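Biologist: I have a new model to go through. Can you put it up and walk me through the fold?
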Amino acid sequence: MTGGSKPERDDEYFMNVALTLARESRTEDVPVGAVVVVGGEIVGKGVNQGRIRHDPTGHAEIVALRMAAEALQNYRLPKSVLYVTLEPCFMCFGALLESRVSRLVFGAREPRRGVTGSLYDLHNDPRLTHRVEVVEGACAEESAALLREFFEKKRGRENGSGMRSVPSSPGRSFPQ
Ligand SMILES: [Zn+2]
């Protein structure tokens with residue numbers, strides 16, 4: 001939660017942009033959206049597209065970072081903020097470090113793969129030379145609701161088409 005003052009373009013504002021991207025993606029990929037912001041301007045956007053693009057690196061964060069780096073013509077993105085609707089995985093956190101993102105804001109937690117609070121606390125590892133400030137919980141409920149809806153629909157389709165049904169997991173987890 002951001003709390004406190006409410007400038008017009010705050011964390012909630014940019015997280016809502018990321019959420020809208022996720023909502024509009026409507027593919028077979030898990031709906032996750034990300035934006036990269038520098039100086040209050042969006043310079044990169046991305047949604048999960050690993051399945052449709054046959055790309056194991058096609059996570060929303062990577063797509064957004066690639067676009068931002070291309071836009072700024074720089075593989076380093078100092079003073080940038082990455083907003084993503086779901087807690088990042090190892091790969092994406094690695095990309096955050098490589099690109100020198102200074103701040104990460106994420107929505108829902110990812111209990112099985114998240115590395116900034118769930119599975120690991122990589123952002124607090126003192127051995128890493130680059131520090132990323134991490135803020136969690138912006139629009140977390142909306143983000144989690146979107147993912148729940150996606151998996152419920154997916155289960156419905158799989159059951160309806162006679163495919164082997166996927167047992168519903170008791171915990172909330174959102175494998176990408
Ligand atoms: Zn990832």
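This is a predicted model: local features need pLDDT of at least 70, side-chain atom pairs count only at pLDDT 80 or more; totals for chains, interfaces and linings use all residues.

Biologist: Fine. How many helices and strands does the protein have?
Modeller: There are five helices and five strands. Read from the N terminus, the order is α-β-β-α-α-β-α-β-β-α.

Biologist: What share of the residues is buried?
Modeller: Of the 176 residues in the protein, 36% are buried.

Biologist: And the contacts, what share joins residues at least 24 apart?
Modeller: That is 55%, counted among contacts between residues at least 6 apart in sequence.

Biologist: On to the core. Which residues of the largest nonpolar core touch the most other members?
Modeller: Ala 18, Ala 64, Leu 82, Tyr 83 and Val 84 do, in a core of 42 residues. Two or more residues of this core come from each of these elements: helices H1 (11-25), H3, H4 and H5 (140-160), and strands E1 (33-38), E3 (80-86) and E4 (103-108).

Biologist: Take Val 84. What does Val 84 touch?
Modeller: Leaving out residues up to four places away in sequence, Val 84 touches Ala 18, Val 32, Ala 34, Ala 60, Glu 61 and Phe 106.

Biologist: Now the helix pairs. How do H3 and H4 pack?
Modeller: H3 spans residues 60-72 and H4 spans 90-99; their axes come within 9 Å and cross at roughly 20°. Angles under 35 degrees count as roughly parallel, so H3 and H4 are roughly parallel to each other. The crossing of H3 past H4 is left-handed.

Biologist: Which residues make that contact?
Modeller: H3 supplies Glu 61, Ile 62, Leu 65 and Ala 69, and H4 supplies Cys 92, Ala 95 and Ser 99. By type, five are nonpolar, one is polar and one is charged. Glu 61 also turns up among the residues that Val 84 touches.

Biologist: What about H1 and H5, how do their axes run?
Modeller: The axes come within 11 Å and cross at roughly 10°. H1 and H5 are therefore roughly parallel to each other too.

Biologist: Which residues meet there?
Modeller: From H1, Leu 19, Ala 22 and Arg 23 meet Glu 142, Ser 143 and Leu 146 of H5.

Biologist: How do the residues of that contact divide by type?
Modeller: The H1 with H5 contact has three nonpolar residues, one polar and two charged.

Definitions and conventions:
Residues are numbered from 1 along each chain as its sequence is written. Axes are lines fitted to C-alpha atoms, for helices over the stretch in contact, and angles run from 0 to 180 degrees between N-to-C directions. Helices (H or I, at least four residues) and strands (E, at least two) are DSSP runs, numbered from the N terminus. Angles under 35 degrees count as roughly parallel, over 145 as roughly antiparallel, 65 to 115 as roughly perpendicular and the rest as oblique. A crossing is left-handed if the near helix is turned anticlockwise from the far one by less than a right angle, and right-handed if clockwise. Two residues are in contact if their C-beta atoms, placed from the backbone, lie within 7 Å. Ala, Val, Leu, Ile, Met, Phe, Trp, Tyr, Cys and Pro count as nonpolar, Asp, Glu, Lys and Arg as charged, and the others, Gly among them, as polar. A residue is buried if 20 or more other C-beta atoms lie within 10 Å of its own, exposed if 12 or fewer, and partly exposed in between; C-beta atoms are placed from the backbone. A nonpolar core is a set of buried Ala, Val, Leu, Ile, Met, Phe, Trp, Tyr and Cys residues joined through C-beta atoms within 7 Å.
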